[in-house]
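Me: I would like to learn how to read the features of a model like this one, step by step. Could you take me through them, giving the general idea before each case?

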Amino acid sequence: MIIETINTSKTSSMNTPEKIECLIVGSGPAGYTAAIYAARADMKPVMYAGMQPGGQLTITTDVENYPGYPEGIMGPEMMELFRKQAERFGTDVRYGMITSVDFSGKPPFKLIADEKHEILAETVIIATGASAKWLGIPSEEKLNGRGVSACAVCDGFFFRGKDVAIVGAGDTACEEASYLAKICSKVYMIVRRDEFRASKAMQHRVLNTPNIEVIFNAVTEEILGENAVEGARLKVGSNGETRTIDVKGFFVAIGHQPNTGIFKDYLDMDETGYLLTIPGTTKTNVEGVFACGDAQDKVYRQAVTAAGSGCMAALDAERYLAAKHSPVEA
Ligand code: NDP
């Protein structure tokens, strides 16, 4: 798998900080695209790929809307191809986390990887993406990993031939409901309003799948079971009637939270945590720090737009370094 084939991060055996020209944090389509461009521009990029290299696309099924794949491609396979392309041009891809940053002074910026390895980076490209949101009810937490999951592609297999539920009404929920419908006997789709948020094509697919039952105007009150999911109790309709469904798996697909917590003391972000960039660029409020992909995009959030912004971030970083080192600037 991807994790086995990339480098582990450097260890505490290094006493002096490692100097890096272009540090890329995160490894989704944005991070890998930034890496391809940065490597080809001879910026010797080092990527910290995180705990789940490849980002959100590693937990998705068919990607049918990324140009260049007329038959579609599985998300994990696509991310592996991105990684290979980034490595082909010399990107140092490491399995590890950037655990703290200090953007208070001028570059080089001090960052810590895996809580021990010190880095001094001339430029930083943030491509940390976003993580799944949860309902926030106690039973969801109690049964997480015991039938509750935010990844149908990862865990759907365990419920082969069984009844499952999925919460959400966006493209992700529709995609995952369709995926589950292929392997499970029945899929209840719990939608909190009386309509979907998903694109018409996705809605159409769900509504035309015989073993998906959409329950509109429904809120999950409790996921039932002690050590494993045995069902879910819902409040349905304007009268809030109780309905209990018998399910063995309960999937949550209600959107994502940007992974930007470690930057909050330094970088401008909106109330949800999406990084703010100067319009038309990937420049953050700190010179030398650039943001791309879902960490700064709450509107489009597509693999192809993430990749496009990753390209922009590398070009912005390259131009920033060129200007800094040009004799005119000096
Ligand atoms: P979205 O934010 O688009 O949708 C989240 C859904 O979850 C909404 O329907 C929302 O309901 C619902 N929701 C949120 N909170 C709760 C809650 N507490 N209880 C119940 N329901 C809740 O997220 P997605 O992950 O679906 O999609 C993210 C982006 O990625 C989108 O732009 C999407 O188009 C894109 N995408 C594209 C794909 C593709 O083209 N192949 C595949 C997957 C995603 P409500 O509508 O009422 O707000």
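Me: Which domains does the domain assignment of the protein give?

Reply: Domain bounds come from an automatic or database domain assignment, and here that assignment gives domain 1 (8–131 + 256–325) and domain 2 (134–252). The centres of domain 1 and domain 2, taken over C-alpha atoms, are separated by 32 Å. Please keep in mind that this is a predicted model, in which local features need pLDDT of at least 70 and side-chain atom pairs count only at pLDDT 80 or more, while totals for chains, interfaces and linings use all residues. Residues are numbered from 1 along each chain as its sequence is written, and side-chain values use heavy atoms, with hydrogens and water left out.

Me: How many residues surround the ligand, and which are the closest?

Reply: A residue is near a molecule if one of its heavy atoms lies within 4 Å of it; by that criterion 20 residues surround the ligand, the closest being Asn65, Asp171, Thr172, Arg193 and Arg197. The shell draws at least three residues from each of domain 1 and domain 2, and its largest share, three residues, comes from helix α6 (residues 171–183), where a helix is a DSSP run of H or I with at least four residues, numbered from the N terminus.

Me: What is the distance from an oxygen atom of the ligand to an N or O atom in the side chain of Asp171?

Reply: A polar contact to a ligand is a pair of N or O atoms within 3.5 Å, and for the side chain of Asp171 the distance is 2.5 Å. Ligand oxygen atoms also lie 2.6 Å from an N or O atom in the side chain of Arg197 and 2.8 Å from one in the side chain of Asn65. Taken alone the ligand exposes 920 Å², of which the protein buries 79%, with accessible areas from the Shrake-Rupley method and a 1.4 Å probe.

Me: Where do the backbone angles deserve a second look?

Reply: Most residues other than glycine have a negative phi, and most peptide bonds are trans. In this model a cis peptide bond joins Pro107 and Pro108, with omega about 5°, and Pro108 is placed in the loop between β7 (98–102) and β8 (109–113). Glu115 has a positive phi, near 65°, and lies in the loop between β8 and β9 (117–126).

Me: Is Glu115 buried or exposed?

Reply: Buried means under 20% relative accessible area, exposed over 50%, and partly exposed in between (1.4 Å probe, protein chains only), so Glu115, at 68%, counts as exposed.

Definitions and conventions: A polar contact is a pair of N or O atoms within 3.5 Å; within protein, one must be able to donate a hydrogen and the other to accept it, and residues adjacent in sequence count only if both atoms are side-chain atoms. Helices (H or I, at least four residues) and strands (E, at least two) are DSSP runs, numbered from the N terminus.
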